[in-house]
Amino acid sequence: MSGALSDTELLELYTEGRNLTQQSRMLLTLQIILGSPPERDLNALSLGDRDRCFWTAREKLSGTAFDAKIECQSCQEWMEISCGPDFAIPEKVQDSAVVPFQGEDYELRLPNISDLQAAKAGFPYERLNPSAPWQEPLFRKNASQALEKADPGMDVLFLANCENCESSIEASLDVFRFLWTDLQARAQSLLGEIITLARAFGWSETQCLSLPPARRRLYLEHLA
Ligand SMILES: [Zn+2]
């Protein structure tokens, strides 16, 4: 995991990523935050590792605390949930899961990005081990529990009770959406800073961004 995004990297990512599909934007973001060469195939990255990368990048950008809105499936009321600064995505326990079923052990690899791309109707579980008995509902249930145990960071769920109708609500944490929202806000505020400095001093974008952030703030404070 490389360090935080520089302001230049962040603006480049935002400029290119905003016009891409969600999937391509996600891959580009991963490539930049991991500092990985374009030829590295990130499709093999597990979903838990992907989200931990996004979470670390988001933490460096704006900390770990967050607020999210979730919708109650029973009464359609929206509720706000908040997480404090000690929230973290759980670590991976194992690189694969073993599911014993009818006297045999089936090893499953963890779901990765390419599985999502191959998904048509529902998650293509058979890709995790093509010879496993996926047609058996009990096997599917055990497999999903074993995967969750192997990597609890793969799909972080929040449980809440609806204040309106008291149903219990389950919501998945969409880590990339948090990261992109914050990245977008940061890119827009950077653009504002560049425009202010360019108007005041005639500096180019490169000149504005080459100032260390603390120094840039000093100039902006004087202009305010
Ligand atoms: Zn409700």
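Predicted model: local features only at pLDDT ≥ 70, side-chain atom pairs only at ≥ 80, totals over all residues.
**Entry: helix 1 against helix 6**

I started with helix 1 (residues 7–17) and helix 6 (residues 175–201). Their axes come within 10 Å and cross at roughly 110°. Angles of 65 to 115 degrees count as roughly perpendicular, so helix 1 is roughly perpendicular to helix 6. I noted the handedness of this crossing as left-handed.

Next I listed the residues. Helix 1 brings Asp-7, Leu-10, Leu-11 and Tyr-14. From helix 6 they meet Leu-183, Gln-184, Arg-186, Ala-187 and Leu-190. By class I have six nonpolar, one polar and two charged residues in the contact of helix 1 with helix 6.

**Entry: the cores**

Which residues have the most contacts inside the largest nonpolar core? I found Leu-10, Phe-54, Ala-57, Val-175, Phe-176 and Leu-179, in a core of 22 residues. Helix 1, helix 2 (22–34), helix 3 (47–62) and helix 6 each give two or more residues to this core. Helix 6 supplies the largest share, eight residues.

I then looked up Leu-10 by itself. I left aside its neighbours within four places in sequence. Leu-10 is then in contact with Leu-5, Leu-183, Arg-186, Ala-187 and Leu-190.

There is also a second, separate core, of eight residues. Among them are Val-99, Leu-110, Ala-150 and Met-154.

**Entry: helix 6 against helix 8**

I moved on to helix 8 (residues 213–223). Helix 6 packs with helix 8 at an angle of about 65°, and their axes are 11 Å apart. The two helices are therefore roughly perpendicular to each other. Helix 6 passes helix 8 in a left-handed crossing.

Which residues make the contact? On helix 6 I listed Glu-193, Thr-196, Leu-197 and Ala-200. On helix 8 I listed Arg-216, Tyr-219, Leu-220 and Leu-223. Sorted by class, the contact of helix 6 with helix 8 has five nonpolar, one polar and two charged residues.

**Entry: helix 2 against helix 3**

Last, I checked helix 2 and helix 3. Their axes come within 10 Å, crossing at roughly 65°. That makes helix 2 roughly perpendicular to helix 3. I recorded a left-handed crossing for helix 2 and helix 3.

Leu-30, Ile-33 and Leu-34 of helix 2 meet Arg-50, Cys-53 and Ala-57 of helix 3. I counted by class here too: the contact of helix 2 with helix 3 has five nonpolar, no polar and one charged residues. Ala-57 was already in my notes, as one of the residues with the most contacts inside the largest nonpolar core.

Conventions:
Residues numbered from 1 in each chain as written. Axes fitted to C-alpha atoms, helices over the stretch in contact; angles between N-to-C directions. Helix = DSSP H or I, 4+ residues; strand = E, 2+ residues; numbered from the N terminus. Parallel < 35°, antiparallel > 145°, perpendicular 65-115°, else oblique. Left-handed = near helix turned anticlockwise from the far one by under 90°. Contact = placed C-beta atoms within 7 Å. Nonpolar A, V, L, I, M, F, W, Y, C, P; charged D, E, K, R; others polar. Core = buried A, V, L, I, M, F, W, Y, C linked by C-beta atoms within 7 Å. Buried ≥ 20, exposed ≤ 12 C-beta atoms within 10 Å, placed from the backbone.
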